[in-house]
Amino acid sequence: MKHTASRFIAILLLVIPGLSATWGFLKMKNSTFDYFSQFGDESIISPSFDWLQFLFGFVLFAIGVGFIGGWIFFRDKKRNYLQPRFQKNNND
C-alpha cells in the first residue's frame with residue numbers, strides 16, 4: 001500500500017506542473033488569437049494586445065516545463081543516462 005501511495009504522489013507531482021504548462025500555453029494562445037481577431041472587427045479602431053494575460057501564461061508555461069524538464073534531467077543523472085558533458089567531473 002505504501003508503494004502505491006508514493007507512486008500516486010509522484011504522478012501528482014508531474015501532473016500538476018503539466019496542467020499549469022498546458023493552461024499557460026492556452027492563455028498565450030488565446031491572447032494572441034484575440035489580438036489577431038480584432039483586426040477583422042470594424043468597430044474596433046485600434047486593436048490592443050492583452051500583455052498581462054500573455055505574460056501570466058508565459059510564466060505558467062515556463063514554470064511547468066522547467067519543473068518537468070528538471071525532473072527528467074535529475075532522474076537521468078541519477079540513473080547515469082546523461083552524456084559525458086553533463087556528468088560531474090571527478091578530477092576537480
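Biologist: Which helix supplies the largest share of the nonpolar patch?

Modeller: Helix α1 does, with five residues. Please keep in mind throughout that this is a predicted model.

Biologist: Which residues form that patch on the surface?

Modeller: The nonpolar patch consists of Phe8, Ile9, Leu12, Leu13, Ile16, Phe67, Trp71 and Ile72, and together they have about 780 Å² of accessible area. Two or more of these residues come from each of α1 and α2. Isoleucine 9, for instance, is found in helix α1.

Biologist: Let us step back to the overall fold. How many helices and strands are there?

Modeller: The secondary structure comes to two helices and zero strands. Helix α1 covers residues 2–37, which is 36 residues, and α2 covers 51–78, with 28 residues.

Biologist: What length does each one reach?

Modeller: From first C-alpha to last, α1 reaches 52 Å, close to the 52 Å expected at 1.5 Å a residue. Helix α2 reaches 40 Å, again close to its expected 40 Å.

Biologist: Which residues of α1 are buried, and what do they pack against?

Modeller: In α1 the buried residues are Pro17, Ser20, Ala21, Gly24, Met28 and Ser31. They pack against α2. Seen from the other helix, the buried residues of α2 are Gln53, Gly57, Leu60, Gly64 and Asp76, and these pack against α1.

Biologist: What share of the contacts with a separation of 6 or more joins residues 24 or more positions apart?

Modeller: Such pairs account for 60% of those contacts.

Biologist: A change of topic: how many salt bridges does a search of the whole structure find?

Modeller: The search finds one. The side chains of arginine 75 and aspartate 76 meet in it, at 3.2 Å from N to O.

Biologist: Are those two residues buried or exposed?

Modeller: They fall into separate classes. Aspartate 76 counts as buried because its relative accessibility is 18%, and the cut-off for buried is under 20%. Arginine 75 has 29% relative accessibility, so the residue counts as partly exposed.

Biologist: What about isoleucine 63: buried or exposed?

Modeller: Isoleucine 63 lies in helix α2. The residue counts as exposed because its relative accessibility is 54%, and exposed means over 50%.

Biologist: What separates the C-alpha atoms of isoleucine 63 and phenylalanine 73?

Modeller: They are separated by 15 Å, and the two residues are ten apart along the chain.

Biologist: One last point. Which residue just after α2 takes a positive phi?

Modeller: That is asparagine 80, with a phi of about 65°.

Note on methods: Residues numbered from 1 in each chain as written. Predicted model: local features only at pLDDT ≥ 70, side-chain atom pairs only at ≥ 80, totals over all residues. Heavy atoms only, no water. Salt bridge = Lys/Arg side-chain N within 4 Å of Asp/Glu carboxyl O. Buried < 20%, exposed > 50% of the residue type's maximum accessible area, 1.4 Å probe, protein only. Helix = DSSP H or I, 4+ residues; strand = E, 2+ residues; numbered from the N terminus. Expected span 1.5 Å × (residues − 1). Contact = heavy atoms within 4.5 Å. Patch = residues over 30% accessible without salt bridge, like charges linked within 9 Å, V, L, I, M, F, W, Y side chains within 5 Å. Areas by Shrake-Rupley, 256 points an atom, 1.4 Å probe, with all protein chains shown as cover.
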